[in-house]
Amino acid sequence: MAIAESISKPPSAIRLLLVDVHAISRESSRLLLDTNTQFEVVGETDEHHEALSLVATLHPDVVIVSMRVKGSTGPDTARDILKLHPTVQVVFWTLFDDPEYIRAALAAGAHAYVLKQDPAEEIEIAIDRVLQGQTYLSPSLNYMQ
Amino acid sequence: MPNSQIAAKRKAQMRLRLLVILLASLPLLVAVVWVVWMVRDLITEMQKNQVVAVQSIVLQARKDELKHFVQAGSKVMAHYCAPGNSPTKLSHEGKELLRHMDFGDLTDDNYFFVYTMDGVNVMHPRLPEIEGKNLWEFKDAAGHFIIQTLLDHARSGDHFVDYVWHRPSTGQIEDKLGYVEYVPECNLMIGTGLYLDYMKEVKTFIEKQTDQTIQRTRDRIVLIALASLFVVAAGGLTLNIHEQRVANQKLRRMAQQVVESQEAERTRVARDLHDGVSQWLAATKFTFETARLQLQRGQADKSEQTLGSGVEKLQEVMRYVREMSHKLRSAMLDDAGLGPTVEQEGREFGERTGVEVSVRIGHIPALQKDVESDLYRAFQEATRNIEKHANASRVDISIDTDKAGLWLRIADNGKGAPSGAGKHKNGIGLLNMRERIERHEGEFEFHSEPGATRVTAFIPHKYL
């Protein structure tokens, strides 16, 4: 796989935190991300405050946020995380392709927006790009740009 | 269905209101008729009294008039029977003078007549041919000897006489009031008569006046009654319109509630779809992608387990979808009732399978919830059997109600059930249907032969 090969082997794995209200989503996302040996899912939560404290304690490189978060919304959680930890990268990974949601996520400071409908490799590309300091949108969202 | 019930209730209320208006108007009408009748009676009574009173006054006046005229005439006549003349002979001059002494308004018929005391006519200005003739034996139309009567009255001093006479001006026999006086100077009787027709005129005049009064009074009463009726009707109508407006508002509110509840239901379904089905489908997709990535990235040992988990997730999704569709169906059954649901599903069945489906829904009364759901399940089971096993090209579905109860019939032209369908696995569905129907003392019939399978479910009236 071109993408997997292109990512140079880092000294340590990329630390990921999953924030998603649906347990089934977190479980399958973790399974998918685990196939990439460069990734390490260090934690997961469905709740806003827990997400903030996990970012503080687990020091993830990338936080993967969905649109629905218990006690808040995805964009609000993203905004609060970035306020406290400006160096963390936030990637939205969601089923919502409504422009309103995408705009809200980007306005909150998200670095990438990936649709779960797209091929699984898209999340890997997004993580790679945001760690290089770029922003990334799934190609299927190109009409947004 | 609630809307039609409300409409029926409203209709009944309107009928009741009409009845109330009618009941309010009826006594008014009766009262008006009664008042009109009473007033007419009263006025008629008054009229009779008035006629009598006026007639007597007029008669008295006429009597006085007659008396005065005859007295004047007798004085004149006495003058022309001066001593020297033959006592019974009136001078020619006097006779001619009296002949020309017409008086009163009706000059034509107001004149003096003069008779000798043995009945010979001496002077009659209108009938000169009888002058000199003895009318002692003359009878009037009623058979009375009038000249004798007149002479009797003159002699006795009872001057007034009622009789009938042949009226010269009209040629008619008419009532006449006579006044006669014996003039001793001439030994003659002088008299005059008054035709009583104007007494009739007085009556006619008064009657005409009172008739007009009655008519005017009646018209006014009717007018007042109509105005009252109009007020009552207008009041009723206003009440009606007001009630109708209130009912309409209620209906609108209910419709609004229905729309809102449907909206809420749709929102719930959408959320279920997203939170449930979409999330599960996304998870399933991830799982299969995981298996692909595992195979690609040298983790093949894990991929079998991952694929198994993907299949499990798909099964979960299928279960979920079935459950939701079932919920939606129940919601439709609740909202729209058996008829529309069966109609809709029959149509969908046709579209899905390409089978020609005819659905005929007759009148369906309001059904008890469990009866409705059991009939629906029977329908579902029957159509499912047709779809799975029958290989039919045509399906006829009908629901009818007659005096006995409700009939659900589903017929197809498929290959028919194998004999003994009730015993093996396919038969469980049939048994189920039978149980559902017989629970309500209904009858369930399954008849099948190649080319003609019929399912009939009957629910008696008392369970509807």
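Analyst: Two strands pair if DSSP finds at least two bridges between them. Helices (H or I, at least four residues) and strands (E, at least two) are themselves DSSP runs, numbered from the N terminus. The model is a predicted one: local features need pLDDT of at least 70 and side-chain atom pairs count only at pLDDT 80 or more, while totals for chains, interfaces and linings use all residues. Residues are numbered from 1 along each chain as its sequence is written, with chains lettered from A and ligands numbered from 1 in the order in which they are written.

Start with chain A. Six of its strands make an open sheet, in the order E2-E1-E3-E6-E7-E8, with parallel pairing. Strand E2 (39–45) and strand E8 (136–137) of chain A are the edge strands, and each pairs on one side only. Inside the order, E3(A) and E6(A) are joined by four bridges in the parallel sense. One residue pair to look at is A:Val63, whose bridge partner in E6(A) is A:Val90.

A helix covers part of this sheet. H4(A) packs on it and touches strand E1 (14–19), E3 and E6 of chain A. Contact here means that the C-beta atoms of two residues, placed from the backbone, lie within 7 Å. The direction of H4(A) makes about 170 degrees with that of E6(A). Axes are lines fitted to C-alpha atoms, for helices over the stretch in contact, and angles run from 0 to 180 degrees between N-to-C directions.

Next comes helix H5 (residues 99–107) of chain A, where A:Ile102, A:Ala104 and A:Ala105 are buried. A residue is buried if 20 or more other C-beta atoms lie within 10 Å of its own, exposed if 12 or fewer, and partly exposed in between; the C-beta atoms are placed from the backbone. These three residues sit on the same side of H5(A), because they cover an arc of only 160 degrees around the axis. That arc is the one spanned by the directions from the helix axis to the C-beta atoms. A:Pro99, A:Glu100 and A:Ala107 are exposed on the other side of H5(A). The packing partners of the buried residues of H5(A) are helix H4 (74–84), strand E6 (89–94) and strand E7 (112–115) of chain A. After H5(A) comes A:Gly109, with a positive phi near 105 degrees.

A loop also deserves a check. A:His59 lies between helix H3 (48–58) and strand E3 (62–65) of chain A. Its phi is positive, about 45 degrees, although A:His59 is not a glycine. A:His59 counts as partly exposed because it has 13 C-beta neighbours inside 10 Å.

The contact takes 13 residues from chain A and 15 residues from chain B. Helix H2 (residues 23–34) of chain A gives the largest share of the chain A side, six residues. The chain A side divides into seven nonpolar, five polar and one charged. Ala, Val, Leu, Ile, Met, Phe, Trp, Tyr, Cys and Pro count as nonpolar, Asp, Glu, Lys and Arg as charged, and the others, Gly among them, as polar.

Chain B has eight helices and ten strands. Five of the strands form an open sheet in the order E2-E1-E5-E4-E3, and the pairing is antiparallel. Strand E2 (121–123) and strand E3 (160–166) of chain B have a single partner strand each, so one side of each is left without a neighbour in the sheet. On average, neighbouring strands of this sheet are turned by 40 degrees against each other, direction ignored. Strand E1 (residues 112–116) of chain B runs antiparallel to E5(B), over five bridges. B:Thr116 has B:Leu188 of E5(B) as its bridge partner.

H3(B) packs on this sheet and touches E1, E3, E4 and E5 of chain B; its direction makes about 40 degrees with that of E4(B). B:Ile147 belongs to helix H3 (residues 146–156) of chain B. B:Ile147 counts as buried because it has 23 C-beta neighbours inside 10 Å. Leaving out residues up to four places away in sequence, B:Ile147 touches B:Tyr115, B:Gly119, B:Leu135, B:Trp136 and B:Phe138. B:Ile147 and B:Gly119 are 28 residues apart in sequence, with 6.4 Å from C-alpha to C-alpha.

One loop remains. B:Asn187 lies between strand E4 (173–183) and strand E5 (188–195) of chain B. Its phi is positive, near 55 degrees, in a residue other than glycine. B:Asn187 counts as partly exposed, with 16 C-beta neighbours inside 10 Å.
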